[in-house]
Amino acid sequence: MHERTESGESTDLAMMRRALLAAHDAAERGEVPVGAVVAREGEILAVAANQREATEDPTAHAELLAIRRASEATGGWRLTGCTLYATLEPCPMCAGAAHAARLSRLVYAAPDPKAGYAGTLHNTPADTRLNHTFSAEGGLLEAEAAKLLRDFFKSRRQKPENTPEMPFS
Ligand SMILES: [Zn+2]
C-alpha cells in the first residue's frame, strides 16, 4: 500500500548503512570515522571515507571524496538527481561542495555542533540566497554514527601519541 515510501525509506537505510561501513573502515585506519555515499535512484555511484590522515589533505573529507568520485563515475560535474548520504553532518566545505555539485538531496546521521552546515550552525542546503537549494534531513542511524565517533575518540585518548584532531572541528 505504501510501497513507494517504504522502499524509499529502506533505500535510505541501506545507503546509510553502507556509509557507516566506510566509516568503520576509516576508524580501523586511524582516521576520524566519517563515511559517505552518493547514490541515484537506489544505485550507488560512489563510496568514500575520511582520508585526512593518510593523504595529509585537509580537504579529504568523506563527502568531498564521494562527490568527486560520483562525478567521475557519471562523467559530469552536475549531480542533479543524486543523494549524498553522510554519517556526520557536512562541514562548510562539504555542504558547499554539495551545492556546487547541484546535488538534489542530503541525508546525514549525526549532527555536528561544531561544524555542521546543514542545519546546525548554518543551513547551506536551504539558503535561498544561493542559486541552488536542496533538501537535507538529519538523524538517520544517528545513534550508530555518533557511537562510532565517540568510541574512536575514547580509544584515541588512551593512545595520546597519535591523536587526530577532534571530529567536530
Ligand atoms: Zn567536510
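These legends describe close-up views of a predicted model. Local features need pLDDT of at least 70, and side-chain atom pairs count only at pLDDT 80 or more, while totals for chains, interfaces and linings use all residues. Residue numbers start from 1 along each chain as its sequence is written.

**View 1. An open sheet of 5 strands.** The strand order is β2-β1-β3-β4-β5, and the pairing is mixed. Strands (E, at least two residues) and helices (H or I, at least four) are DSSP runs, numbered from the N terminus. Two strands pair if DSSP finds at least two bridges between them. The edges are β2 (43–49) and β5 (135–137), each pairing on one side only. Neighbouring strands are turned by 15 degrees against each other on average, direction ignored. Axes are lines fitted to C-alpha atoms, for helices over the stretch in contact; angles run from 0 to 180 degrees between N-to-C directions.

**View 2. Strand β3 and its partners.** β1 and β3 run antiparallel, joined by 5 bridges. Here Ala39 has Thr83 of β3 as its bridge partner. β3 and β4 run parallel, also with 5 bridges. Leu88 is bridged to Ala110 in β4. β3 is mostly covered, with 7 of its 7 residues buried. A buried residue has 20 or more other C-beta atoms within 10 Å of its own; 12 or fewer makes a residue exposed, and values in between partly exposed, with C-beta atoms placed from the backbone.

**View 3. The β4 and β5 pair.** Strand β4 (residues 105–110) runs parallel to β5, and 3 bridges join them. Leu106 stands opposite Ala136 in β5.

View 4. β3, α4 and β4 make a right-handed β-α-β unit. Right-handed means that, with the strands pointing away from the viewer, the path from the first strand over the helix to the second runs clockwise. Helix α5 (residues 142–157) lies across β3 (82–88) and β4, at about 60 degrees to β4.

**View 5. The largest nonpolar core, with 53 residues.** Such a core is a set of buried Ala, Val, Leu, Ile, Met, Phe, Trp, Tyr and Cys residues joined through C-beta atoms within 7 Å. Ala66 and Leu84 touch the most other members. Elements supplying at least two residues each include α3 (62–74), α4 (92–100) and β1 (35–40). α1 gives the most, with 8 residues. Ala66 touches Ala36, Val37, Val38, Ala46, Val47, Ala48 and Leu84, not counting residues up to four places away in sequence. Contact means C-beta atoms, placed from the backbone, within 7 Å.

Key. Contact = placed C-beta atoms within 7 Å.
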